[in-house]
Amino acid sequence: MRNTAEVIVIGGGIIGCAISYYLVKKGASVICLEGSDHIGNGGSSRNGGGVRQSGRDPRELPLVMYGIKHFWPTLSEELETDCEYHQDGNLRLGKTEKHKEILTGLTERAVKVGLDVRMIDGDEVRRINPYLSEEVTCASWCPTDGHANPLTTTLGYYKTARKLGVHFITGEQVVELKKVKGVLRKVVCASGNVYEGETVVLAAGYESRRIAGTVGIDIPMQTAMLEALVTEAQPHMFDQMLGTAEADFYGHQTKHGSFVFGGSSGLEGFTKDNGTPVCYAKTAPCICRGIIKYFPNLADAKIVRTWAGWMDKCADGVPVLGKVGEVPGLVLACGFTGHGFGIAPAAAHQLAELIITGRTDVDLHDLRYDRFHAKIE
Amino acid sequence: MNTVNDRSRELKPFVPSPDDDMLICRCEEITKGEIRKAVHEGMWTMTEIRRYLRTGMGLCQGQTCAKLVKAIVARELGVSPAQLEPATSRAPMRPIEMRVFANERKEGQEDA
């Protein structure tokens, strides 16, 4: 088995698969290592499918806007996989004055960065989505947001990258990174296999913290549980992505007809840790109550399954991207904080550019590893 | 326990078969041919097949087709079905209306 390549990518989620794809397209040789037995087994397959600009931190907004302009509209054709991308807008719903305040603040910050997003009243919300209850009194509306299928998109990147010659190995858990003459070079695995490359991309979600720690780099992030439920197929109702000011729930109706709704119980961080992401008994009923208040006519829709996953939650809520001064040869792509799906094509493309040409179209300065400082300087 | 799995290993070439049109996952209407083709596109685990094609994601949640899918994938990979992981089961056991699921009151308790 070949164990050297120009780039070793650690992590076979959407970020790792997409970086591998953009690198191999530019002619680089790539080995991609996935620790679990399945491609896209972390947050890549466990998220709400939002391809969203509104509600994001201004530091990562230019990157996601770049992706929605250049990659998402043609991604299904490019990957020969139905990514089920819909660009029909995002409604972030509010019911109270406090919600309105939160949404107005988010909207003002996004407008400053050049995003087309505005506040609308309850009647206008119901003109866009007539199924919403009278409880909704306001919303932020971003017409260029949307949603896609995270499962097929992730596997589509994998399939296409593999076809173009990326060497994927699953079940290969990285235990250590090693420098040679001051430059990162070797990737040591639990199996005893050692891989060597000129560049090592670390895109292993939360596991990135442990792996980066072996070369003295500590990325301030924690896991946080995310849960969602899926309904049986329903007649077509609407195509917008939905969220709420209080984050009661979020989600959309899929091409298949089922609704995928994520949400929380408010007890996150204190639920039982079984070592694997298992749904908490109180969460799905709580999400159901939230949904019924917004969509009374979904009360008879049947839930067919629930699922849970972990987010790699970064200290300041935005990803850590790019090169690291202390470790030449290392490129970080982690800490996406539960909203890494929509931004994945742009982040992966720009990091592939950085590796091949040394420059990027979007300024990634605010997302670098050296941005973290203690509160008293 | 995770097993090192080299995804560039060559499989026997895909040969169309007369029963490729046979429905395997009845809920989501996925055929044998679609499953076989997905294996050749790189989907080598039950989990990946499910996420790629939706087998076992319908109303019965794979209670009917999981065993059949596993046999097809194993044969295509040239391995024993025992080498593939069991298909994932997720709560609830049976489809359940949101208004029922949303109600956590114990039997006999009064309406709030």
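This report covers the confidence, domains and overall fold of a predicted model.

**Confidence.** The model is predicted. It scores ipTM 0.95 and pTM 0.96. Chain B has an average pLDDT of 92. In chain B, 93% of the residues score at least 70. Where pLDDT is low, the coordinates should not be read in detail.

Domain 1 and domain 3 of chain A touch: 17 residues of domain 1 are in contact with 15 residues of domain 3. On the domain 1 side of this contact, seven residues are nonpolar, eight are polar and two are charged.

**Overall fold of chain A.** Nine helices and 18 strands make up the secondary structure of chain A. Its C-alpha atoms fill a box of roughly 65 × 45 × 40 Å along the principal axes. For 377 residues, a compact globule would have a radius of gyration near 21 Å; chain A has 21 Å, so the value agrees with that expectation.

Of the 377 residues in chain A, 54% are buried. Among contacts in chain A with a separation of 6 or more, 73% join residues 24 or more positions apart.

Technical notes: Residues are numbered from 1 along each chain as its sequence is written. Chains are lettered from A and ligands numbered from 1 in the order in which they are written. This is a predicted model: local features need pLDDT of at least 70, side-chain atom pairs count only at pLDDT 80 or more; totals for chains, interfaces and linings use all residues. pLDDT is the predictor's confidence in each residue, from 0 to 100. Two residues are in contact if their C-beta atoms, placed from the backbone, lie within 7 Å. Ala, Val, Leu, Ile, Met, Phe, Trp, Tyr, Cys and Pro count as nonpolar, Asp, Glu, Lys and Arg as charged, and the others, Gly among them, as polar. Helices (H or I, at least four residues) and strands (E, at least two) are DSSP runs, numbered from the N terminus. The radius of gyration is taken over C-alpha atoms; the globule rule is 2.2 Å times the number of residues to the power 0.38. A residue is buried if 20 or more other C-beta atoms lie within 10 Å of its own, exposed if 12 or fewer, and partly exposed in between; C-beta atoms are placed from the backbone.
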